[in-house]
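Hello,

I am handing over the structure we talked about, so please open it beside this message and read along. My notes on what was found in it follow below.

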Amino acid sequence: KGWAALSPTEAQVAELAAAGRTYPQIAAELFISRTTVKRHLAHSFEKLGVANRTELAAAAGARRRA
């Protein structure tokens, strides 16, 4: 569990989502489908032990401050 457990793409998607980007924005930026964005976020939520994007943003902020 934790950030180290995320694949590079999961981490990238998680950081973009934590920064407030929408699924379509993330998909366009990374050249992946919205469905893939949702799948990566679901895996990230599980690995990070968060339930939603708000908790993800808090976890990303804490990670940056550490």
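The mean positions of the 10 positive and 5 negative charges of the protein chain lie 3 Å apart, where Lys and Arg count as positive and Asp and Glu as negative, while His and the chain ends are not counted, and where a charge is placed at NZ of Lys, CZ of Arg, CG of Asp or CD of Glu. Please keep in mind that this is a predicted model, in which local features need pLDDT of at least 70 and side-chain atom pairs count only at pLDDT 80 or more, whereas totals for chains, interfaces and linings use all residues. Residues are numbered from 1 along each chain as its sequence is written, and side-chain values use heavy atoms, with hydrogens and water left out.

The protein chain has 4 helices and 0 strands (DSSP runs numbered from the N terminus, helices being H or I of at least four residues and strands E of at least two). Of its 66 residues, 35% count as buried, meaning under 20% relative accessible area with a 1.4 Å probe, protein chains only.

In helix α1, residues 8-18, the buried residues include V13 and L16, and the buried residues of α1 pack against α2 (23-30), α3 and α4 (53-65), contact meaning heavy atoms within 4.5 Å. After α1 comes G20, with a positive phi near 100°.

T36 sits in helix α3, residues 34-48, and T36 counts as buried because its relative accessibility is 19%.

Best wishes

Notes. Buried < 20%, exposed > 50% of the residue type's maximum accessible area, 1.4 Å probe, protein only.
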